[in-house]
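Let's walk through this model together, moving from a single side chain to a metal site and then to some helix packing. Keep the viewer open as you read.

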Amino acid sequence: MADVDVDQIADWLGRAKDVISEQRAYLTELDSAIGDADHGSNLSRGFTAVVDKLASSTPETISGVLKSSGMTLVSTVGGASGPLYGTMLLRMAGAAGDTATITPERLAAALRAGLDGVVARGKAELGDKTMVDALGPAVSAFEQSIADGKDASAAAEAGAAAAAAGRDATKPLIARKGRASYLGERSAGHLDPGAASVTLLLGALAAALSER
Ligand code: ADP
Ligand code: MG
């Protein structure tokens, strides 16, 4: 199965920036219902800084790209989502290895490490109505596709579909972590903004990996 290269990982982050910027108002609208209406601006600022940083100095390895980007998110995004997404990319960097290409199996392991980092940092479990509710199923679907012999592009498609299902399933839930948890039962009936942005990120990954 074809390996994933550093240009595709940089392309992922570029596409993430594009789609998050396009969907900024949507993410902010979701966050205005159960948060403080800054999720779209937080992430579009963060991913714009990621892309600017990569343009000024592009690391040659996958871990280098992920590490630079994770550090940029941690330092440029004030909200909860910046440290969480930053941790995800930093943990992915640690698992990806210092090479210009990785196997799909290793990318799956890196995504799992990224999820574990988000959980370690934010302490959210599945069903707490957070980004974990989209990222957890996405990582599992990605891993399962690779185990079934699919390529990384198909695995990312499966991951994106699982993320979207996880996002939609957050709607009836009562938030137990983050700002939305302050609303208690009033958080029910709305999608979680972070689960929505995870879904955009997985869609960007699928798009980047489908181009070779
Ligand atoms: P803030 O809540 O600080 O305004 P954002 O609006 O950028 O930050 O991000 C909100 C999103 O962050 C939520 O929709 C949720 O998905 C995610 N989030 C918040 N706290 C946690 C946590 N402890 N664990 C996982 N995800 C979290
Ligand atoms: Mg917010």
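Histidine 39 counts as buried, with a relative accessibility of 6%; buried means under 20% relative accessible area, exposed over 50%, and partly exposed in between, using a 1.4 Å probe and protein chains only. You will find histidine 39 in helix H3 (residues 39–56), where helices are DSSP runs of H or I with at least four residues, numbered from the N terminus. Leaving aside residues up to four places away in sequence, histidine 39 touches Leu27, Thr28, Asp31, Ser81, Pro193, Gly194 and Ser197, a contact being heavy atoms within 4.5 Å.

A word on the ground rules: this is a predicted model, in which local features need pLDDT of at least 70 and side-chain atom pairs count only at pLDDT 80 or more, while totals for chains, interfaces and linings use all residues. Residues are numbered from 1 along each chain as its sequence is written, chains are lettered from A and ligands numbered from 1 in the order in which they are written, and side-chain values use heavy atoms, with hydrogens and water left out.

Asp31 also leads us to the metal. The magnesium ion (ligand 2) is coordinated by Asp31 (OD), Asp36 (OD) and Asp38 (OD), at 2.0 to 2.2 Å. Donors here are N, O and S atoms within 2.8 Å of the metal (3.2 Å for Na, K and Ca), and sites may look incomplete because water is not among the atoms. Along the chain, the donors follow the spacing D-x4-D-x1-D. Aspartate 36 is partly exposed, at a relative accessible area of 33%.

Now turn to helix H7 (residues 132–147), whose axis comes within 9 Å of that of helix H6 (residues 104–122), crossing at roughly 160°. Axes are lines fitted to C-alpha atoms, for helices over the stretch in contact, and angles run from 0 to 180 degrees between N-to-C directions. That crossing angle makes H6 roughly antiparallel to H7, since angles over 145 degrees count as roughly antiparallel, under 35 as roughly parallel, 65 to 115 as roughly perpendicular and the rest as oblique.

What does H7 do with helix H8 (residues 152–169)? Their axes come within 7 Å and cross at roughly 150°, which means that H7 is roughly antiparallel to H8. Among the H7 residues that meet H8 are Ala134, Ala138 and Ala141, and the H8 residues include Ala155, Gly159 and Ala162.

Note on methods. Helices (H or I, at least four residues) and strands (E, at least two) are DSSP runs, numbered from the N terminus.
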